[in-house]
Every structure is written in structure tokens, then in C-alpha cells.
Amino acid sequence: MAFQKAVKGTILVGGGALATVLGLSHFAHYRRKQANLAYVEAADFISEPVNREPPSREAQLLTLQNTAEFDILVIGGGATGSGCALDAVTRGLKTALVERDDFSSGTSSRSTKLIHGGVRYLQKAIMKLDIEQYRMVKEALHERANLLEIAPHLSAPLPIMLPVYKWWQLPYYWVGIKLYDLVAGSNCLKSSYVLSKSRALEHFPMLQKDKLVGAIVYYDGQHNDARMNLAIALTAARYGAATANYMEVVSLLKKTDPETGKERVSGARCKDVLTGKEFDVRAKCVINATGPFTDSVRKMDDKSSAAICQPSAGVHIVMPGYYSPESMGLLDPATSDGRVIFFLPWQKMTIAGTTDTPTDITHHPIPSEEDINFILNEVRNYLSCDVEVRRGDVLAAWSGIRPLVTDPNSADTQSISRNHVVDISESGLITIAGGKWTTYRSMAEDTINAAVKTHNLKAGPSRTAGLFLQGGKDWSPTLYIRLVQDYGLESEVAQHLAATYGDKAFEVAKMASVTGKRWPIVGVRLVSEFPYIEAEVKYGIKEYACTAVDMISRRTRLAFLNVQAAEEALPRIVELMGRELNWDDYKKEEELERAKKFLYYEMGYKSRSEQLTDRTEISLLPSDIDRYKKRFHKFDADQKGFITIVDVQRVLESISVQMDENTLHEILNEVDLNKNGQVELNEFLQLMSAIQKGRVSGSRLAILMKTAEENLDRRVPIPVDRSCGGL
């Protein structure tokens, strides 16, 4: 194993360090073999899951209502809350979990997608002789190894390059990275190494080469964060935890302790957000694992309790995949304002972030244009001048609220704790706050240990180390080949299903619709550029998806990859969900509008509209204006001053090109700023000006009109697919 754990008096020591001498493919095989061993050992302690599949949400609600008293009630369905539920239920405790929104709807789905110890924290620990930060890094590296073991389908090692532009920095950074390997010990994924300038450019050809001295490459883990969170929650449900999303805690229940005469928290009044129904859920112990909303639950318990959460906003952007190599990330260790920026390949796109700025606590954080431009400027500093970093290439953007905390038990209550904090109130409410994604499991273990001790619960030690999450047990790197051979799926779709659902991918494949084509036989895509298929919508409902937002952001990751593609897929997603959940027309329209609002505000569409508005300045040369006017008038033959779908259809028919009317409507709607069903000359000129400035890229109308102008006499097909579909 790539971590050490005492099991029945036997020390299992294994192979993370062997990656330094084994090739990557051999290491993957070795890791898989060791992971199987971990599951066998863990299973000796834990009975098999009580449910082959997670019970339906309706069944879970009945369990919540009809159970006289749970041992543990967890409030919060993020990574930490779901981890607490899994830890508790696998110790044999009667466990419940409620989440006011969807699983992973908050910070847990808006991370940098890294499973890491924290190179920058190790640097601070050494420079400041900070033992707390050192322990946090060591714990995180241990947990990194465990997470890569228990969810191999959702996670993988990722090499990250640290470019060096000054000779003196090379030994400085090399020592720091080698210490990172040393602290990891047997949990080291693969040994770091130094690259010459030429070799660094071979691996990362788009890197700024002027003054480049060389580079250092080290390894961390990467994962699909929302799907990982969901896997934890689903695994807890399979082991018997009563888990329910869209269940809001209205108030905490209390009763008087007959021995002490003091009030003790004894459960919560819960409200089904979808139906409005309220009922009590009683428990011996209540755990507050609500991330940024920690203080709101603490104040339900005690209105005088001091606030401990110090929220910080982290903005990320997604850009086309060509901005980075497929299997190499980049770390900017010192940005212009001292922050750290990661530039990473993810889901065949490129993710860049994060910022770190104080913010207000909100359920709907919005990425600001200022933060987006800060990230773009930092990216420009590290990429070759041959690569034009355009604002229009931002495909999606989001903000996550990181819940930094002050320790209420510390003498210095103003000092931010970089580690997690477990707090026990006078009435017995247990709060787990702070920490990081990577350490969710150890945070959960500490929390349940505190719950067992404080409330005298009968339970043994934590049993989650080495316990496979849903989809991981029978996954293998070649599983997707069976999906192609057995079901007739496209290879890209099969790889996506295997990497998303693990050994549960076969269940999704069984639901896939016949395409009506020679190949692929099954697997109708939701949108052409991405491997998500319609069957995932049906399966997503089995995974507790209740809204269209759940589907586009957390069951699939479309909203995080390309908001325009997500918006295009929405009508079909709503139709499929409506069919499964018996939605009427009013409900379908409501879901559609809510999802569009989510994309507009929370996923960067608002920033797109700010790049091209009716107030956008037209800064074109007179010659450019004349050229674009001529192009416009080829469509506006009647000199109306605007073009409509009819005008575009007329030109296309003249060159024998057929295009679906709905597609044409979508293309014009992207540029129709005042939404009057037509594109006016001024709107077209504003579009072309924004394209020249790099604020907008991949406009399908601009591509269509340019290609039509060039091919009116040649009669060739006109491409209308997005060129990366930037915002």
C-alpha cells in the first residue's frame, strides 16, 4: 500500500516509494494490486454494505422520519460531512446525514481538483519553524496516498512542473521539493526530478522560454472533486447511513440531561426543501460539518457563540485544452501579489486558479471579473508570447468559499488555523471546521472519535482507511475496453464512463439508448463536444440528483467545463429528468430557468455578457468597419439594418447548405444583445470589435458569416461547431 496502517497487529508497508524505480504503467499495476489487498484487510473488520445499491431518496426520508433515535446526525453533505457519515456508519453507529442543497454543492465541488499535501505550506513550515503546518502537510500526504488507493477511477497522480527563471532558484526549489518527497516517505507517488531548459520545453512547449533556466517536476494527485464527494456519500448510504440531500435544518432540538440538569442537543428539526414537509430527526450526537456556514449552525445552538469562520474566495477559470499539455501541470510559486497559481490539465480542458480574497458568506458565490483577469495576467507571464491568452477563451469560471477558521479553544482567537478544528459546545454540539479536501477522511475520524468519547457511544476505531469508495473495488485501467466491446460505446464515451463511475459504468451502459447509427451502437451524447450521454441523466437520478443544476454541475461536470455547452444540453436534460420524475410543464420551465440563472451568475456566463453588451465600445479601423459592413450586407440584402434567421437561411440555401432552425436560433441568440430576435449592424460590429480584442472567441455567427462570404461561389459546407466556445 502507499500508506501504512496497523491491521490485526500486522504492519502493511508498501509501494508508493517503489514508483521511483518502477515505470508509471508498472506502478499503476502495482498500486492496483496493493489496493485490492487494502480492501481485503479492511473488509475483515467491516461487514459488506447492507445495500447493493443506495436506497432511493424517498426510502431515506422514511428512515429519517421513522427512526426513534440515531447515534449520529451529520449536518452537511460536503466532503467532510459525507466522510463523517461514512466513518460513523462503518463503526456500526446508527447514522443520518442531511444536506440543505445537493451533495458537494458548495466548496467541495469548486476546488482546484488537486489531492495534495501543500508545497507552499511545507515551505512556510520550514521557514517559520511551524510544527502545526508541518504536521498538516505530513497528514495530507498520508491521506493523499489513501485517497488515490480507495478511488482509483476518480483520481490519479499528476506531474506538476515548477519552471525556474533564475539560476539561484534552481537549488532552492530543488531542496524544497525534495523535502516534500522526504516528508511523504513511503507515500511518495514518484520521485521529483530536474529538467533542462530544452527538456522542459519538450514537456511544456507553450511555456515562456526567454530566460528559462530549467524546471523541477514533482508529483501530486488530481481528482474529480464533486464525483469523489458523491462517491463518499453513496458509499455511506450503501453501508446503511440515512442520507438525504435537500433537507434543511430549521432548528436544533434540545432536552435536559437528567444527571447534570443542563440542556443537550438531541437532534434537529428538518425541512424537505422540495416539498416543504418538516419533521424531527433525533440523535444522541449532532455534528456540524457545514463548511462556510459553520457559524450559522453554532448560533442555532448558542446565539452568543463567537464566529470562528473566516471565509476566503477562491476563483478558478477553465480554458481550452490546448493551453496545457495533456499530462503535465504547472505551478507559479510566486505571483505578482505573492499568491500561488496552478495551471492544470483537467477533463481534457485546462484549469487555472486560485485567488485568495476575503469574502462574505453566500450560497451563491460569483466569480468577479477582477479575479478572472488576475488569473489571466498571471497565465500570460508564464506562457510563450506565441500563445495569445484571450479573455474570450474562458469557457467557465467559478468561485468557491474556503472556510478558514480560528480555533475557539486557542488563547489567540484571531489566529487563523491552517489545520482543522474540532469544537465541542457546552450542549454537546460537535463542530468540525477548516482543514482541506485531501484530509477529509482524517478530519472525519477525529470528529467521530470526539463524538464517541463525548457522548459515550459504543464504537470501535475508524475503519475507513483502505475502504474502497463506490465504483473503485473492481475498477481497472482497461475496464473501458469491455464497455466498448460489450455494449458498442464510443471509446471516448467508454473511457469517460469508466473514469466517472468505475465498476458501476456497466449499469450506466445498460441504460444507454440506441443511436440508430452503424457506430456507436449505443450512447446518445447530450452535446457533441463532450462524452456525456443521455443515460447518465437517468442514472444520475438514482444518485439522488433532484434538479437540472445537480445534473449539469455535479453528476456531469458540463457546467464546470463549458457553460455554453451546458446551456445547450439543458433542454434535453430537463426533458429526460421530467420524464423520470413526472414533472409537469410548469416544473420543467422552472428547472430550466433556475439552471440558466445558475450558469449566468455562478459559472461565469455573467462575465461573458459583460464582455459583449450594447455598451461595448467599437474600436475598429475604418477599413475594418467597411469590410465587416460588406459582410453584414451580404446577409441583410434588403438593407434593413439587421438580420434574422430568415436572412441567414436564405444565404445558406443559396449555397445549398441546410441547417436546423433551432441551431440557427441559438447562433443568433449568442449575439442578440437586446434579445429582440434579430442581430443589428451595431451588435455585429461590437462582436467583431470584441473578437479583435480577445474578449470573445469562437463566435459561431462570426465564423458562419465569414465562411459564407468566402464560399458563396464555391458551395462548400459551413462549419458551425464552437471553436472552443469561449466566454
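## Helices α18 and α19

In this predicted model, the axes of helix α18 (residues 563-581) and helix α19 (residues 585-602) come within 10 Å and cross at roughly 160°. Axes here are lines fitted to C-alpha atoms, over the stretch in contact for helices, with angles from 0 to 180 degrees between N-to-C directions; helices are DSSP runs of H or I, at least four residues, numbered from the N terminus. The pair is therefore roughly antiparallel (over 145 degrees).

As for who touches whom (contact means heavy atoms within 4.5 Å), V563, A566, E567, L570, P571, V574 and G578 of α18 meet K588, E591, L592, A595, K596 and L599 of α19. That set splits into 8 nonpolar, 1 polar and 4 charged residues, with Ala, Val, Leu, Ile, Met, Phe, Trp, Tyr, Cys and Pro counted as nonpolar, Asp, Glu, Lys and Arg as charged, and the others, Gly among them, as polar.

## Helices α5 and α11

Over at α5 (residues 131-150) and α11 (residues 440-455), the axes come within 8 Å and cross at roughly 105°, so these two are roughly perpendicular (65 to 115 degrees). E139, E143, N146, L147 and I150 in α5 meet Y440, R441 and S442 in α11. Here the tally is 3 nonpolar, 2 polar and 3 charged.

## Confidence and ground rules

The chain's average pLDDT, the predictor's per-residue confidence from 0 to 100, is 86, and 87% of residues score at least 70.

Residues are numbered from 1 along each chain as its sequence is written. Local features need pLDDT of at least 70, side-chain atom pairs need 80 or more, totals for chains, interfaces and linings use all residues, and side-chain values use heavy atoms, leaving out hydrogens and water.

How values were computed: Angles under 35 degrees count as roughly parallel, over 145 as roughly antiparallel, 65 to 115 as roughly perpendicular and the rest as oblique.
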